[in-house]
Amino acid sequence: MSLESKIETALGKIGEYYVQELKKQLSQDKKVASGDLLNSITSDAKGDALKITANKYLGAISDGKKATSKAPSTEMVSKVSRWMQYKKLPLKGYRGRFQRQTPSNYRRAAFAVARSINRSSWEGSSVIRNSFKAIEGNINSELVKAYKSEIKEIIDRIKNK
């Protein structure tokens, strides 16, 4: 087994550790609504690179958000609407009466919620950084194991000559 394949295997294990820790941290911080974010977190090791992917809003959860006066994007409104429907939130009109739960009513309510989100700010949970710190020791040990086994193989080849 070559050093490159050993490093790729080690990076694959590191990616698995990181994905597990990230999911655990998100659950502990109670940042799970529908589970879409948890299901979107994956890792992929190719060669000497490790790629961790997740939904875009993981960054906002981790880093927080600054207030802005911009109107919410249609993508944000649709995601808020989907979340509201998933949570089965009751809709009320401007006079406090319950409204029918139609897609257009959810879109209107989601626009108001999204606009409110844009106007406010919040501090992030630093889940990305905390997860990395939690597995930092595993990163070192996995890479050291890969290099150790390669060095042992080189020494064995030298002894056998």
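## Helix packing and cores in a predicted model

H4 passes H5 in a right-handed crossing (right-handed means the near helix is turned clockwise from the far one by less than a right angle, left-handed anticlockwise). Helices here are DSSP runs of H or I with at least four residues, strands are runs of E with at least two, and both are numbered from the N terminus. This is a predicted model, so to speak: local features need pLDDT of at least 70, side-chain atom pairs count only at pLDDT 80 or more, and totals for chains, interfaces and linings use all residues. Residues are numbered from 1 along each chain as its sequence is written, and side-chain values use heavy atoms, with hydrogens and water left out.

**H4 against H5**

- The axes of H4 and H5 come within 8 Å and cross at roughly 115 degrees (axes are lines fitted to C-alpha atoms, for helices over the stretch in contact, with angles from 0 to 180 degrees between N-to-C directions).
- H4 and H5 therefore count as roughly perpendicular to each other (that label covers 65 to 115 degrees; under 35 is roughly parallel, over 145 roughly antiparallel, and the rest oblique).
- On the H4 side, the residues that meet H5 include Met-76, Val-80 and Met-84, and their partners in H5 include Tyr-106, Ala-110 and Asn-118 (contact means heavy atoms within 4.5 Å).
- Sorted by class, the contact of H4 with H5 has 12 nonpolar, 3 polar and 1 charged residues (Ala, Val, Leu, Ile, Met, Phe, Trp, Tyr, Cys and Pro are nonpolar, Asp, Glu, Lys and Arg are charged, and the others, Gly among them, are polar).

**H1 against H6**

- H1 and H6 pack with their axes 9 Å apart, at an angle of about 160 degrees.
- That angle makes H1 roughly antiparallel to H6.
- The contact of H1 with H6 has 17 nonpolar, 5 polar and 6 charged residues.
- H1 passes H6 in a right-handed crossing.

**The nonpolar cores**

- The largest nonpolar core has 18 residues, and Leu-22, Leu-26 and Leu-58 have the most contacts inside it (a nonpolar core is a set of buried Ala, Val, Leu, Ile, Met, Phe, Trp, Tyr and Cys residues joined through side-chain atoms within 4.5 Å).
- Helices H1 (3-28), H2 (36-40), H3 (58-63) and H6 (127-160) each supply at least two residues of this core, and the largest share, 8 residues, comes from H1.
- Leu-22 touches Ile-41, Leu-58, Val-127, Ile-128 and Ser-131, leaving aside residues up to four places away in sequence.
- Another core, of 7 residues, lies apart from the largest one, and Met-84, Tyr-106, Ala-110 and Ala-114 are among its members.

**Buried polar and charged side chains**

- Lys-6 is found in helix H1, and at 7% relative accessibility it counts as buried (buried is under 20% relative accessible area, exposed over 50%, partly exposed in between, with a 1.4 Å probe and protein chains only).
- Beyond residues up to four places away in sequence, Lys-6 touches Met-1, Ala-146, Ser-149, Glu-150 and Glu-153.
- Asn-118 has its place in helix H5 and is buried too, with a relative accessible area of 8%.
- With residues up to four places away in sequence not counted, the residues that Asn-118 touches include Lys-65, Thr-68, Pro-72 and Met-76.

**Positive phi in the loops**

- Lys-88 sits in the loop between helix H4 (74-87) and helix H5 (103-119), and its phi is near 55 degrees, a positive value in a residue other than glycine.
- Lys-88 counts as exposed, at 66% relative accessibility.
- Ser-126, in the loop between strand E4 (122-123) and H6, also has a positive phi, near 55 degrees.
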